[in-house]
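Here is a set of exercises to work through with the model open beside you. Try each task before reading its solution.

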Amino acid sequence: MSKQSVRGSRSSARDRADERESVTAVRLEGVTHEYGSTGGRFRSGDERTVTALRGVSLDVPTGSIVGLEGPSGSGKSTVLHAVAGLLVPTAGRVELRGTDIAALSDAERTRLRRRHVGIVFQRFHLLPSLSARANVALPLVQAGVPRAARRDRATTLLEAVGLGDRTTHLPSELSGGERQRVAIARALSTDPDVIVADEPTGELDTATGREVLELLTDVGRERAVLVASHDEATLAVADRVVTLCDGRVDDVQ
Amino acid sequence: MSNEAADPPVDAEPRRRTRWRGVVGLTLSRWWRRATRTTKGRIASTVAAVALTIALLVVVTGIALALADGGMATADDADVRITPEESGTLSSVDGVEGPRLGSTNERAAAIRSRDGVEHASPVVVETARLESTDGNPRTVRLIGLVPDGESRTVAGLPTTALEPGDPHYANGSYDGPRTRELVLSPTAAERLDATAGDELSVSMAGAERAGGTTPSVTVTAVADEGTSGGGAPIALIHLSELQSLSGAETGELADRLLLWGEADAARSAATDAYPAGAVAVAGDIDPSTLFEDGLAFATSVIALLVGVTVCASFVATTMGMTVDEDRRTLAVLESVGFPTRSRLAVVAVSTGITTVVGSIIGLGLGMAGIVAVNAVAGATVAPGTVAHFHPVFVPYAIGVALVAGLVAVPYPLAVAARTSVLEEVAR
């Protein structure tokens with residue numbers, strides 16, 4: 001695994017790198033979200049809702065890593081899901097490179113996510129019946145990339161994360177650290193502008209977690225990375241750490 | 001940026017095709033890995049359920065086809081059969097006498113003179129009431145034919161007991177001597193309580209018109225119990241004598257014409273003699289006969305309905321359970337940018353592959369089942385073939401499985417559509 005090789009995997013996007021400099025990739029303005037409030041017409045008015053975010057505002061510039069910390073239930077994952085377009089906040093504005101996600105239809109949000117956002121989950125969430133290479137190539141299928149190009153891109157990315165000899169292995173045949181590296185390679189496959197990572201080292205031992213963090217740091221040099229974690233070592237790689245408490249921004253370091 | 005959410009219009013169509021090829025290819029390779037490595041049990045149970053249902057459908061339809069194609073009154077060892085083309089009939093009422101071949105005695109004689117044709121005989125089937133001197137009248141199917149002295153089988157009964165030739169025909173004058181011979185099947189003999197040498201009176205709808213007296217015949221033989229026609233109350237008689245009794249001598253009518261000899265020569269002779277008739281070579285089974293036989297048609301329709309219902313129920317239940325276990329995969333697909341229609345396509349294609357593979361295995365099992373049914377029947381109750389296989393069963397079984405899959409697919413699709421990405425990835 002080498003940092004140089006991961007950055008090299010973006011060669012097709014080099015010409016866009018300058019454009020990305022000093023651009024705010026992600027901006028949240030006064031974002032509030034209540035779970036249970038978007039259920040629709042058949043819900044009764046007095047149904048209980050849980051407020052996950054209360055007026056959260058933050059920016060993530062391209063080329064920076066922003067860490068999100070806070071206790072369980074503080075709203076870290078909700079911020080990540082809002083940035084990824086997996087949920088639409090109840091109030092406020094979530095901009096991804098200038099586009100208000102809430103103004104898009106479901107299909108448009110899915111398309112935006114495919115093209116601009118890579119997601120790394122704590123539990124990897126690889127498809128168990130697909131090889132490492134097929135998992136990495138998964139987002140490219142929907143992007144309409146031809147098969148040969150998909151294989152080349154996935155192989156290149158797996159080599160970049162140090163798994164060039166594991167391309168045909170199933171997830172069950174890989175260690176935890178290897179699976180997370182496959183997940184990171186998958187998040188990079190469409191060359192996204194933004195990477196969101198939810199507890200990326202949560203399932204890994206210290207040494208493996210360090211390797212994954214090096215990879216994320218390398219990825220963050222050309223992209224905006226938003227990482228949520230309880231782990232101090234993980235947050236230490238961030239350029240800025242935003243502390244959330246009860247859905248509010250409590251502190252920024 | 002506001003336009004970035006939309007795919008560029010340039011090359012949109014090739015990209016769309018590549019995308020759908022990719023989705024189908026992804027589903028195929030995922031299905032294969034699941035079937036052979038990761039979730040073998042689940043896929044195997046669904047495929048087995050479909051296969052067993054399709055196998056049952058094939059066996060029952062095979063029995064229905066044999067029922068329609070055979071029946072004891074048509075079980076013969078002829079090499080070629082000529083029957084009237086059914087489309088020529090105007091009657092839509094079941095049971096009404098169908099079309100018949102004309103000039104059969106004359107043309108059969110001409111066919112017999114062709115090279116490669118050993119023998120040709122028209123066959124008339126009539127229902128008559130036979131009565132022995134000391135018994136009650138019994139209904140028997142009389143089969144009229146022209147024997148030639150060789151060992152042949154018509155309606156499952158051997159023809160050798162009848163005197164060769166058809167003297168009563170007398171070149172079309174129907175005034176030659178009557179042999180008054182009759183060969184009874186064991187069942188007919190039992191019902192009539194008749195044995196060889198007994199005299200029986202024959203009464204039928206045309207008999208009064210023909211002569212006003214009740215003609216009589218003599219039982220020349222009772223077929224052995226082992227003959228394939230043994231189970232039905234039938235009897236063989238000379239063709240022209242039956243034609244005279246029923247009134248079919250006018251026009252020399254017959255239900256079919258049987259030819260023995262080389263198949264190609266016999267087929268050629270048959271086609272020349274009856275260009276508009278339906279010519280079938282032995283070994284060829286016509287599945288359209290299913291539509292002409294009420295019992296066989298009903299049997300095959302019930303098999304079809306049961307097959308589709310059971311197959312669809314199994315597929316819907318097992319695929320629904322599979323999708324339910326697979327919600328996380330659907331959530332991951334959504335998180336990496338697969339829209340709803342692509343995710344549903346993955347589920348639908350998976351269901352389709354399962355049913356097609358199940359139907360192919362079911363076809364194999366069904367063919368083995370037909371062989372087994374014939375073997376068991378042959379060893380026990382019914383000598384001869386009781387179930388047929390026909391190549392048209394292949395598209396039929398796969399088509400039925402696909403229909404069952406289509407009926408079943410809304411359930412797994414509904415389960416898939418209800419999947420919440422946030423609930424699944426947060427687990």
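Throughout, contact means heavy atoms within 4.5 Å. This is a predicted model, in which local features need pLDDT of at least 70 and side-chain atom pairs count only at pLDDT 80 or more, while totals for chains, interfaces and linings use all residues. Residues are numbered from 1 along each chain as its sequence is written, chains are lettered from A and ligands numbered from 1 in the order in which they are written, and side-chain values use heavy atoms, with hydrogens and water left out.

**Exercise 1. A residue in a helix of chain B**

Task: Find which residues B:Val60 is in contact with, leaving aside neighbours within four places in sequence.

Solution. Start with the element: B:Val60 belongs to helix H2 (residues 40–69) of chain B. Helices (H or I, at least four residues) and strands (E, at least two) are DSSP runs, numbered from the N terminus. Next, list the partners, which are B:Thr299 and B:Ala303 once neighbours within four places are set aside. Last, classify the exposure. Buried means under 20% relative accessible area, exposed over 50%, and partly exposed in between (1.4 Å probe, protein chains only). B:Val60 is partly exposed because its relative accessibility is 24%.

**Exercise 2. Where two chains meet**

Task: Describe how helix H5 of chain A packs with helix H1 of chain B.

Solution. Two packed helices are described by the angle between their axes and the distance between the axes. Axes are lines fitted to C-alpha atoms, for helices over the stretch in contact, and angles run from 0 to 180 degrees between N-to-C directions. For H5 (residues 132–142) of chain A and H1 (residues 12–38) of chain B, the angle is about 145 degrees and the axes are 8 Å apart. H5(A) contributes A:Leu138, A:Val141 and A:Gln142, and H1(B) contributes B:Arg19, B:Gly22, B:Val23 and B:Leu26. By class, the residues of this contact are four nonpolar, two polar and one charged. Here Ala, Val, Leu, Ile, Met, Phe, Trp, Tyr, Cys and Pro count as nonpolar, Asp, Glu, Lys and Arg as charged, and the others, Gly among them, as polar.

B:Thr18 touches A:Gly144, A:Val145 and A:Pro146, not counting residues up to four places away in sequence. With a relative accessible area of 14%, B:Thr18 therefore counts as buried.

**Exercise 3. The sheets of chain A**

Task: Work out the strand order and the edge strands of the open sheet of four strands in chain A.

Solution. Two strands pair if DSSP finds at least two bridges between them. The order is S2-S1-S4-S5, with antiparallel pairing. S2 (50–61) and S5 (99–100) are the edges, each pairing on one side only. Strand S1 (residues 24–35) joins S2(A) through eight bridges, and A:Glu34 faces A:Thr51 of S2(A). Helix H3 (residues 76–83) of chain A lies across S1, S2 and S4 (91–96), at about 120 degrees to S1(A).

Compare the open sheet of six strands, S6-S7-S8-S3-S9-S10 of chain A, where the pairing is mixed. Its edges are S6 (117–120) and S10 (248–252), and the twist averages 20 degrees from one strand to the next. Within it, S3 (residues 65–69) and S9 (residues 240–245) run parallel, joined by four bridges; A:Val66 stands opposite A:Arg240 in S9(A).

**Exercise 4. Strand pairs in chain B**

Task: Trace the partners of strand S3 of chain B.

Solution. On the antiparallel side, seven bridges link S3 (residues 138–145) to S2 (residues 117–132). S2(B) and S3(B) form a hairpin with five residues between them, and B:Glu126 stands opposite B:Leu142 in S3(B). S3(B) also pairs in the parallel sense with S9 (residues 234–238) of chain B over five bridges, where B:Arg141 stands opposite B:Ile234.
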